[in-house]
Protein chains: 6
Amino acid sequence: MDHMIEGVLKFRSEIFPQRKALFEELSTGQSPEVLMITCADSRVDPGLVTQSQPGELFTCRNAGNIVPPWSRADESNTASIEYAVTVLGVSEIVVCGHSDCGAMKGALAPESVAALPQVAGWLENSRAAVAAARSRHPDLEGEALLRAVTEENVLLQLQHLRTHPAVAAVLASGKVRLHGWIYDIGAGDILAHNPDTGRFESLTAISAAAA
Amino acid sequence: MDHMIEGVLKFRSEIFPQRKALFEELSTGQSPEVLMITCADSRVDPGLVTQSQPGELFTCRNAGNIVPPWSRADESNTASIEYAVTVLGVSEIVVCGHSDCGAMKGALAPESVAALPQVAGWLENSRAAVAAARSRHPDLEGEALLRAVTEENVLLQLQHLRTHPAVAAVLASGKVRLHGWIYDIGAGDILAHNPDTGRFESLTAISAAAA
Amino acid sequence: MDHMIEGVLKFRSEIFPQRKALFEELSTGQSPEVLMITCADSRVDPGLVTQSQPGELFTCRNAGNIVPPWSRADESNTASIEYAVTVLGVSEIVVCGHSDCGAMKGALAPESVAALPQVAGWLENSRAAVAAARSRHPDLEGEALLRAVTEENVLLQLQHLRTHPAVAAVLASGKVRLHGWIYDIGAGDILAHNPDTGRFESLTAISAAAA
Amino acid sequence: MDHMIEGVLKFRSEIFPQRKALFEELSTGQSPEVLMITCADSRVDPGLVTQSQPGELFTCRNAGNIVPPWSRADESNTASIEYAVTVLGVSEIVVCGHSDCGAMKGALAPESVAALPQVAGWLENSRAAVAAARSRHPDLEGEALLRAVTEENVLLQLQHLRTHPAVAAVLASGKVRLHGWIYDIGAGDILAHNPDTGRFESLTAISAAAA
Amino acid sequence: MDHMIEGVLKFRSEIFPQRKALFEELSTGQSPEVLMITCADSRVDPGLVTQSQPGELFTCRNAGNIVPPWSRADESNTASIEYAVTVLGVSEIVVCGHSDCGAMKGALAPESVAALPQVAGWLENSRAAVAAARSRHPDLEGEALLRAVTEENVLLQLQHLRTHPAVAAVLASGKVRLHGWIYDIGAGDILAHNPDTGRFESLTAISAAAA
Amino acid sequence: MDHMIEGVLKFRSEIFPQRKALFEELSTGQSPEVLMITCADSRVDPGLVTQSQPGELFTCRNAGNIVPPWSRADESNTASIEYAVTVLGVSEIVVCGHSDCGAMKGALAPESVAALPQVAGWLENSRAAVAAARSRHPDLEGEALLRAVTEENVLLQLQHLRTHPAVAAVLASGKVRLHGWIYDIGAGDILAHNPDTGRFESLTAISAAAA
Ligand SMILES: [Zn+2]
Ligand SMILES: [Zn+2]
Ligand SMILES: [Zn+2]
Ligand SMILES: [Zn+2]
Ligand SMILES: [Zn+2]
Ligand SMILES: [Zn+2]
C-alpha cells in the first residue's frame with residue numbers, strides 16, 4: 001500500500017502540475033467519445049495502450065470483458081452502458097479482450113473454476129464463445145484454442161451488446177459503431193476485428209496498409 | 001477512432017519498446033496486490049493517479065464504483081471480486097469514488113434519471129448513502145451535499161463488500177485490508193478514509209504528517 | 001366449450017381414422033426438423049399455413065413471438081429452445097411474426113398496456129425493435145410503422161436467439177439455419193427475411209422467381 | 001425447408017381462397033374464447049385435434065405445457081396469460097398434456113436431462129407432480145407411471161394458474177372456467193379431468209353418456 | 001430496551017426454574033408437529049393464543065403471513081417450509097391471519113404503500129386475494145371488506161403452499177394437513193376455515209357443537 | 001391438532017378475560033418499539049423469554065434468523081423490515097440466534113442439506129459466518145465451533161441489515177439501535193453482543209455488574 005501512496009504523491013507533485021489546465025477543465029464535466037469495455041486484468045491499461053488522456057475513455061471493466069445479454073432485471077450490466085450511450089452520447093464502443101486471459105482459461109476449463117461458484121456462473125456468459133470456437137476449429141488446442149475462444153468471446157459480447165435497447169436504437173440510426181479488439185500483451189499490439197475478412201488484424205498492419 | 005488508433009501505434013512504437021522486459025514477463029501471468037474498484041468515468045485513470053505499472057491493479061469499473069450487496073443470483077458483481085480475492089489473492093481492496101461523479105448526482109436527484117430505467121435501478125444501490133448523507137447533514141446542499149454523498153457511497157460499498165463470503169473469509173483472517181478513497185480531479189489528490197477520525201483525509205497531508 | 005368438444009369428437013370419428021398410420025407411428029416418438037417460434041394469437045395456425053403434418057413443427061408460442069436474450073436464470077425461454085436444438089436436433093429455426101399483432105401494438109404504445117404490469121414488462125423485450133424502427137423510419141406512422149416494428153421485432157428475436165449457447169454452438173458448426181418470417185393474415189402469405197436485400201419478401205414471389 | 005415453403009404455397013393457392021372471407025374478417029382483430037396451453041411437441045396440433053378455425057384458440061406452447069407459479073419477476077409466463085384473460089376476455093382455459101411427452105419423461109428421470117441445465121431447471125416446475133404421482137401410486141412404473149405424472153402435471157399447472165392474480169380475479173367472479181386435458185396421440189382421443197370423480201375421462205365416452 | 005432486559009431477567013429467575021426439565025430436554029432437539037405461518041404483527045403471539053409450550057410450533061412470521069408461490073430462485077420463502085416438512089416432518093400446517101392487519105390494509109390500498117417500494121412489491125403476493133374479495137363481494141367496504149380480504153388472503157397463501165414441491169409430496173400421501181385460521185384480537189378467538197361450508201368459523205363454536 | 005384447539009379454548013376462557021382491556025386496546029392498532037428477528041425453531045418463544053406482552057415485539061422468524069443482504073428484487077426479506085422501520089418506527093432491532101440451531105448445523109455441514117435444495121441455497125446467506133468462524137478459530141470443532149458460527153451469524157445478519165436503505169437511514173440519524181443476541185435454551189439465558197469487548201455476554205451478568 002505504501003507503494004501506491006508514494007505513487008499518488010508522485011502523481012500530485014510531478015504529473016498533476018504539468019497537466020493542470022486539463023484537470024481543471026475536466027473537474028466540471030466529461031465528454032468521452034469512446035465506451036471501452038475491457039477485462040479487469042491488472043496487465044490491461046487501456047489508457048496506456050491507446051495513449052489516451054483522462055476524459056477520453058468511459059471504461060467498464062470486469063473479469064473477461066463480458067457484456068451479458070440484456071435483461072431488465074440486471075442493472076449491473078446495463079446501467080453503465082445505458083449511461084454511456086444515452087447520457088454521454090459516445091460514438092464508438094470497443095469490446096477489448098486480451099492474450100493470456102484468466103477468465104477465458106476458466107471458460108475453457110469449467111472444472112478449474114468449480115470451487116468458485118460466482119466465477120463459474122459469470123463465465124456461463126462466455127459459454128457460447130467456447131462452443132463456437134470448438135465447433136469452428138475442432139482441431140485446435142492449447143494456446144491456439146485460447147486465442148480462438150478469446151476472439152469468439154469478443155464477438156459474442158458484441159452480439160450481446162446489440163440486444164441492449166439503448167444500443168440497438170443508436171446502432172439503427174448509425175450514431176454508434178462497434179469494435180472488437182484483442183490486446184496482445186507480449187507483442188504490444190492491438191488486433192481489431194475486420195468484419196470484411198472475419199479476422200482479427202493488427203492495427204499496425206492495417207495502418208501501414210492504409211498509408 | 002483514428003485518434004485512438006494513432007495512440008495505439010504510438011504506444012507500440014514508442015512506449016512498448018522501452019518497457020519490453022516488463023511486458024514480456026507479464027505476457028504469461030499477473031500477480032496484482034490490489035483490487036481497485038472505481039467509477040467508469042473517463043476522467044478517472046487509476047493507473048495514472050497511482051503511478052502504477054501494468055500488472056499492479058486488478059481493476060473493476062462501473063458507473064458509481066458500486067458493489068451491490070452479495071446475492072448468490074448476481075454473478076456480475078461477485079465473480080470479479082471472488083476471482084481477485086480467491087484466485088489472485090490480493091491483499092488490498094480499494095473502493096475509489098471521485099469528485100463531480102455523474103452517478104452520485106443521479107443518486108441525489110432520482111428524477112433526473114427517471115427516463116433511464118437501468119441507471120435508476122442501479123443507483124438504488126446508493127440509496128442508503130443518500131439517505132445517510134441527508135440524515136447526518138440535514139443542512140448541506142449543492143457541492144457540499146454531493147461530496148457528503150460521494151463519501152457515504154464509498155463507505156456503503158465497503159459495507160456491501162463485507163457481505164461477500166469470499167471477502168468476509170479473508171477479512172476475518174486479516175489477509176486483506178479495505179480502503180475507501182476519493183479522487184479529487186481538480187485538486188489532483190486522493191482523500192483516504194481514516195477509520196479513527198471517521199473522515200476522508202488527503203494522502204498528501206497524511207504522508208506529510210507521518211514524515 | 002361444447003363447440004370444442006364437438007370438434008374433438010369430429011376429429012376422432014372423421015380425421016383420425018384417415019391418418020391412423022401416421023398417428024400410430026407418432027405415438028412413440030417425434031423427430032421434427034423445424035423449431036417454430038410464433039405468436040400466441042388465435043389467428044395464427046402454423047400447421048395450417050405451412051400445411052404441415054403432425055410431427056413436423058416443434059412449436060413455441062407466446063404473445064409477440066418473443067425470445068428474450070439468454071439468461072441463465074430464465075428457464076422459461078431457454079428450456080424449450082435448448083431441448084429442440086440439443087435433444088431433437090432441429091435443423092431450421094423460424095421466428096414468425098404476423099400482421100395486426102396485438103403485442104406489437106402494445107410495444108408501440110406502452111401507455112396502452114400500463115395497467116397490465118406483466119404484459120408491459122414482457123414487451124420490454126421488444127423495446128429495441130421499436131427503437132430501431134422509429135430510428136430507421138422517422139416518418140412512418142400507423143399501419144406502416146406497425147409493419148416496420150413487426151419486422152424489426154422478428155430480426156431482434158433472431159438476434160436474441162444467437163445469444164443462447166445451445167443455438168450459438170450449432171450455428172457455428174452450420175448445423176442449423178435461422179429464418180425470419182411474417183404471416184400476413186389478410187393476404188394469406190408469408191414474407192421471409194432476405195439477408196441479401198435486408199427486406200421481407202413474399203415466399204410466393206421468391207418461389208416464382210426461382211422457378 | 002423447401003417442404004415448408006411448398007406447404008405455404010399450397011396454403012396460399014388452395015386453402016386461402018376457400019376461406020377468404022374468414023381471413024379477411026380476422027385480418028383486423030381476434031376474439032378467441034379459449035386460452036389453450038399445451039406442449040411444444042410437434043405431434044400436438046391443437047387446431048387439428050379440436051377442429052378449430054383460425055381465431056378460436058389463443059395458444060401458448062412450451063415444453064411440458066407448464067405454467068410456473070405466479071412470480072412478479074417472471075413475465076415470460078405471466079404476460080400471455082394476463083393478456084388472454086384481461087384483454088381478450090377468454091372464458092375457458094385449457095391446460096392440455098399429451099401421451100409420450102418428452103418433458104414428462106425428463107421430469108421423471110432428472111439424470112437424463114442433467115446435461116441440459118435449462119431443461120433441468122424448467123422441469124423443476126413439474127417436480128411436485130412427480131412427487132405426487134410417486135406418493136399416490138407407489139407401485140406404478142414405466143408407461144403407467146408416465147401417465148400418472150402427465151395427469152398430475154396437468155393438475156399442478158392448473159393449480160399454478162390459480163396463483164396468477166389475473167386468473168384468480170376472474171375465477172372468483174365465475175367468468176372463466178379451467179379444464180385439464182390429456183391428448184392421447186395413438187388413440188386420437190382427449191381425456192378430460194372430471195373434478196367429481198377426480199379422474200381423466202374420454203371426451204368420447206362422456207359425450208356418449210350425455211347423449 | 002431496559003424493559004426487555006428486565007423481562008429476560010424475570011424469565012431467568014422466575015419462569016425458567018419452574019420448567020427446567022422441559023428446557024433441558026429441549027436443549028438438544030426439537031420435534032414440533034405444527035408449522036405455524038403467521039403475521040409479524042406485534043399483537044399476534046401464537047404461543048399464547050394456542051397455549052403452546054416451547055417445542056410445539058415451528059413458526060415462520062412475516063408481514064401479512066404470506067407464502068409466495070413456489071419459485072426455485074426464491075429460497076427465502078421456501079427454505080423454512082422445506083425444512084419443516086422434510087426434516088422435522090410436521091403433520092399440520094397452519095396459515096394464520098388476524099384482524100386489523102396492516103399488511104392487508106396496505107394490499108387493499110396500494111396507494112398507501114406507494115412510498116415503500118419493498119412493501120408494495122411484497123403485497124403483490126396478496127393481490128389475487130384483493131381481486132377475489134372485490135369480485136365475490138362487490139358491495140363490501142371498510143371493516144367488512146378488510147375481513148373478506150384477510151380471509152381470501154389466508155386461502156390464497158394455502159393455495160400458494162400447494163405449489164411447493166415439498167408440500168405437494170406430503171399432501172399427496174396424506175401425511176400433512178393444511179389449516180386456514182384468523183385470529184380475532186379483540187374477541188380473543190380463532191376462526192378456522194371449514195372446507196365444507198367454505199366459511200371461517202369460531203373454534204369455540206365448532207368445539208361446543210362437537211361436544 | 002386437538003391439543004392446539006384445546007389450547008385456543010383455554011386461552012379464550014382463562015387468559016383472554018384476564019387481559020381483556022389490553023386486547024381491546026390492541027384490537028385497533030399496534031406500536032411496538034422492537035423489531036425481533038429470530039429463528040423459526042419451535043423452542044424459541046421470544047414473547048416468553050423476554051416476558052413481553054402482546055403489542056411489544058414486531059417479530060420476523062425464519063430458519064436461521066437470517067437477513068439476506070439488501071436486494072431490490074427480493075421483497076421477502078426487505079418488506080417486513082421496511083415496514084417495521086418506516087411505518088411502525090421501531091427504535092430497537094434485535095437479531096436473536098440460539099443454541100443447538102439446526103440451520104447453523106446445516107450451514108456448517110453443507111453436505112447434510114444437499115438433498116434440500118432450497119435450504120442449501122438459503123444457508124448460503126450464512127456462508128460468510130462459517131468462513132469467518134473457521135478463519136478466526138481454526139482449532140474449534142463440535143459444540144464450540146457451532147457456538148462460534150452462531151455468534152458470527154448473528155453479527156453477519158446485523159451487517160446485512162445495515163445494507164438495507166431503510167435501516168441505513170435511521171442508523172445514520174441515530175433513531176434505531178441494533179442488538180445481537182443468542183438465546184441459550186438449556187441455560188435459560190440471553191447472551192448479548194458487547195461491541196466494546198467484541199464478545200457475547202450474559203444479560204444476567206451484565207445486569208448484575210451494572211447494579
Ligand atoms: Zn482477462
Ligand atoms: Zn463517477
Ligand atoms: Zn401477435
Ligand atoms: Zn410434451
Ligand atoms: Zn398482520
Ligand atoms: Zn435455529
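Is Asp45(C) buried or exposed? At 14% relative accessibility, Asp45(C) counts as buried, where buried means under 20% relative accessible area, exposed means over 50% and partly exposed lies in between, with a 1.4 Å probe and protein chains only.

Before going further, note that this is a predicted model in which local features need pLDDT of at least 70 and side-chain atom pairs count only at pLDDT 80 or more, while totals for chains, interfaces and linings use all residues. Residues are numbered from 1 along each chain as its sequence is written, chains are lettered from A and ligands numbered from 1 in the order in which they are written, and side-chain values use heavy atoms, with hydrogens and water left out.

**Stop 1: Asp45 in chain C**

Select Asp45(C), which sits in the loop between strand 1 (34-39) and helix 3 (46-49) of chain C; helices (H or I, at least four residues) and strands (E, at least two) are DSSP runs, numbered from the N terminus.

**Stop 2: the zinc ions of chains F and B**

Donors here are N, O and S atoms within 2.8 Å of the metal (3.2 Å for Na, K and Ca), and water is not among the atoms, so sites may look incomplete. Because Cys39(F) belongs to strand 1 (residues 34-39) of chain F and Cys101(F) to the loop between strand 3 (92-98) and helix 5 (102-108) of that chain, the pair ties together parts that are 62 residues apart in sequence. Both Cys39(F) and Cys101(F) are buried.

Next select the zinc ion (ligand 2), which is coordinated by the SG atom of Cys39(B), the NE2 atom of His98(B) and the SG atom of Cys101(B), at 2.0 to 2.2 Å. The spacing of the donors of ligand 2 along the chain is C-x58-H-x2-C. His98(B) is buried, with a relative accessible area of 1%, and Cys101(B) also counts as buried, at 1% relative accessibility.

**Stop 3**

Select Asp100(D), found in the loop between strand 3 (92-98) and helix 5 (102-108) of chain D, where its phi is near 60°, a positive value in a residue other than glycine. Asp100(D) counts as buried, at 14% relative accessibility. In chain E, Asp100(E) is placed in the loop between strand 3 (92-98) and helix 5 (102-108), and Asp100(E) has a positive phi of about 60° although it is not a glycine. Asp100(E) is buried, with a relative accessible area of 14%.

**Stop 3: helix 4 of chain A**

Colour helix 4 (residues 79-88) of chain A, which is mostly covered, with eight of its 10 residues buried. Among the buried residues of this helix are Ile81(A), Tyr83(A), Val85(A) and Leu88(A), together with Glu82(A). Just after helix 4 of chain A, look for Gly89(A), which takes a positive phi of about 65°.

**Stop 4: two helix pairs**

Two packed helices are described by the angle between their axes and the distance between the axes. Axes are lines fitted to C-alpha atoms, for helices over the stretch in contact, and angles run from 0 to 180 degrees between N-to-C directions.

Show helix 7 (residues 127-136) of chain A with helix 9 (residues 165-172) of chain C, which pack at an angle of about 20° with their axes 8 Å apart. Helix 7 of chain A is therefore roughly parallel to helix 9 of chain C, given that angles under 35 degrees count as roughly parallel, over 145 as roughly antiparallel, 65 to 115 as roughly perpendicular and the rest as oblique. The contact (heavy atoms within 4.5 Å) includes Ala128(A), Ala131(A) and Ser135(A) on helix 7 of chain A, and Pro165(C), Ala168(C) and Ala172(C) on helix 9 of chain C.

Within chain B, helix 7 (residues 127-136) and helix 8 (residues 142-161) have axes that come within 8 Å and cross at roughly 130°, which makes helix 7 of chain B oblique to helix 8 of chain B. Their contact includes Val130(B) and Arg134(B) from helix 7 of chain B, and Leu145(B), Glu152(B) and Leu156(B) from helix 8 of chain B.

Finally, display chain B with chain D, which no contact joins and whose closest C-alpha atoms lie 13 Å apart. Chain A and chain E are likewise joined by no contact, and their closest C-alpha atoms lie 13 Å apart.
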